[in-house]
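The sequence and structure are shown first.

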Amino acid sequence: MSEWWTYRPEDFLLFSPRVYWRLFELHNAAWWPLQIVALLAGLLLIVVLLTPRPWLVRCLGVVLAASWGFVAWAFLWQRYAPINWAIEYVIPLFALQALLLLGALSSGWLTFTDRRRLPRYIGLALILHAVILHPLVPLLSGRSWQMAEVFAVAPDPLAIATLGLLVSAHPARWAWPLMVIPLLWCLISWLTLDTMGAPSAWSPLTAACLALVTRLWPHAEAK
Amino acid sequence: MSICNPSRRTILKGLLTTAAATAIPSWPLSAQDNGPKTRAVPSTGDSLPLIGLGSWITFNVGDDSELLEQCVDVMAAFFDAGGRMIDSSPMYGSSQATIGYGLDKLDAHDRVFSADKLWTSNPDEGRDQIDASRSDWGISRFDLLQVHNLRAWRENLETLLTMKDDGELRYVGITTSHGRRHDEFETIMRDYPLDFVQLTYNPIDRAAEQRLLPLAREREIGVIVNRPFQQGRLIDRLEDHALPDWASDVEAETWAQLILKFIISHPDVTCAIPATTQVAHVRENMAAASSPLPDDDMRQRIAETIGEL
Ligand SMILES: NC(=O)c1ccc[n+]([C@@H]2O[C@H](COP(=O)([O-])OP(=O)(O)OC[C@H]3O[C@@H](n4cnc5c(N)ncnc54)[C@H](OP(=O)(O)O)[C@@H]3O)[C@@H](O)[C@H]2O)c1
């Protein structure tokens, strides 16, 4: 791309905020009442962090893999890609994330038995934010609650909750590869929302920064 | 010499250039009864209404049936007001499919002047992309295809010129915007048999007046003007200011109309293509081409006034 310095982020935004927010409204209407099941699945993440029994972790692997696969197909492919051709490049990454999560959690390679408080608290906070607070963001922004972005139904809360789970997972060599795609998505989402002038852009950005710092913190790895 | 503070010599030179340009008769301008004024396409003499319709962002609504119907309403108002040229690109998400949906619904295939683009850095994909665009629009051939933002322009232009020779296309063009790559643009305008160029021009972005518009006249190339409102930012900026009284001399009732009148009164402009999601705005934009256009003095006044706000 020549004269790249003359381009601004707005030049790459293909759609209006109105069209973007309505994607969630139509998506929610099409899949109601799946959101209730999704909320319950979100609570499973919290349970796993509090009582990380191996069979629960295996269950979570299936649930998270299904969620990433579902969001890739039902939201990214069916709804988002028609208005944003760049999303076609992201869909395989979501599918890959589903496979990675399934492999790492159901094989027992990744565990959540790290008893140190801080990473676990930050992880819990991220999950609570993703499952409970994130769907309320439209109300704070003066939009209809029907546009709520729900965990496992919409990509942002799914990526944030996945990061929340992974900040205290060990060993780090398995946790890191699983964090790449959720971090990347948070970055993409922040750029999109910020370019649209949406105040909620802080949500994926803060979540990604918090997860990154927590994971990088020298004592984050279990001894 | 800064761009913001032109010297007296520069201003005089600019005025002389404009005077020289307007002294030469412009491409024939005619008015339909109650409809928009039209201007001839230099390469063929076919006439086109001075206002067309863009589709970047505004028509990218995916499968949202409510918003699709709103786009159809905009297209219906556009055609009712005598509009013809609709501009799109494979880059604009679902905009081409929206246009196709609207054309079908309004049975307007014979009313539209279809202007689309070739947007690929892989020239081998060019034909397939054009076929896909054609199928989205639901038409058998485009009136105009343009190499979008000069992307792989040598090969893509070759594809389009071959299509034109084979009777698969009426007109060939190239596009740029935001004042980008004017040097390269100029070279292509000199070296290739283009029917149209598309570029940004409005009372604030006037770089095209220096070389591209005079060259378009010299080479008998039609000019389509994109971003007349700087994607709406220009109107937002003017919104808080009262429209000057003298705007009524050219029957401009809004800033949008004054801007469009400035653009389409340039003798070398064939058509401006504002985009909108609103029926009221499409009517307002079309009306700008149905009433008197500013003369040179008034054009200067419009540019100065808007430039200062
Ligand atoms: N390189 C290229 O080839 C290139 C680059 C840029 C653009 N283009 C073409 O040029 C077209 C026009 O450019 P653009 O879409 O970037 O920007 P534009 O036409 O300058 O501005 C569009 C914005 O102006 C607002 N608007 C339209 N009519 C109005 C009115 N009467 N009063 C107040 N606001 C009004 C619209 O909002 P509402 O929806 O509220 O009316 C819309 O947000 C594009 O759609 C595209 O087809 C081509």
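This is a predicted model: local features need pLDDT of at least 70, side-chain atom pairs count only at pLDDT 80 or more; totals for chains, interfaces and linings use all residues.

An N or O atom in the side chain of Asp87(B) is 2.6 Å from an oxygen atom of the ligand. A polar side-chain atom of Asn285(B) lies 2.8 Å from a ligand nitrogen atom, and a polar backbone atom of Gln231(B) is 3.1 Å from a ligand oxygen atom. The ligand taken alone exposes 890 Å², and the protein buries 89% of that area.

Chain A carries a nonpolar patch on the surface, with about 1000 Å² of accessible area together; among its members are Trp32(A), Ile36(A), Leu128(A), Leu133(A) and Trp145(A). Helix H2 (34-50) and helix H5 (117-133) of chain A each supply at least two residues of the patch. Leu133(A) is found in helix H5. With a relative accessible area of 47%, Leu133(A) is partly exposed.

Charged side chains form a further topic. Side chains of opposite charge can pair when their charged atoms come close. Over all chains, the count comes to 18 salt bridges, including those in the table.

| Salt bridge | N to O distance |
|---|---|
| Arg8(A) and Glu10(A) | 3.7 Å |
| Arg22(A) and Glu66(B) | 3.4 Å |
| Arg190(B) and Glu186(B) | 3.2 Å |

Both partners of the pair in chain A are partly exposed: Arg8(A) has 38% relative accessibility, and Glu10(A) has 26%.

Which elements hold the partners Arg22(A) and Glu66(B)? Arg22(A) lies in helix H1 (residues 17-31) of chain A and Glu66(B) in helix H2 (residues 65-80) of chain B, so the pair joins two chains. Arg22(A) is buried, at 11% relative accessible area, whereas Glu66(B) counts as partly exposed at 45%.

Within helix H6 (residues 182-191) of chain B, Arg190(B) and Glu186(B) are four residues apart, so about one helical turn separates them. Arg190(B) counts as partly exposed at 41% relative accessibility, while Glu186(B) counts as buried at 14%. Elsewhere, salt bridges that share partners join Arg22(A), Glu25(A), Asp64(B) and Glu66(B) into one network.

Conventions. Residues are numbered from 1 along each chain as its sequence is written. Chains are lettered from A and ligands numbered from 1 in the order in which they are written. Side-chain values use heavy atoms; hydrogens and water are left out. A polar contact is a pair of N or O atoms within 3.5 Å; within protein, one must be able to donate a hydrogen and the other to accept it, and residues adjacent in sequence count only if both atoms are side-chain atoms. Accessible areas come from the Shrake-Rupley method with a 1.4 Å probe; for residues, only the protein chains shown count as cover. Patches are made of residues with over 30% relative accessible area and no salt bridge: like charges are joined within 9 Å, nonpolar side chains (Val, Leu, Ile, Met, Phe, Trp, Tyr) within 5 Å. A salt bridge is a side-chain nitrogen of Lys or Arg within 4 Å of a carboxyl oxygen of Asp or Glu. Buried means under 20% relative accessible area, exposed over 50%, partly exposed in between (1.4 Å probe, protein chains only).
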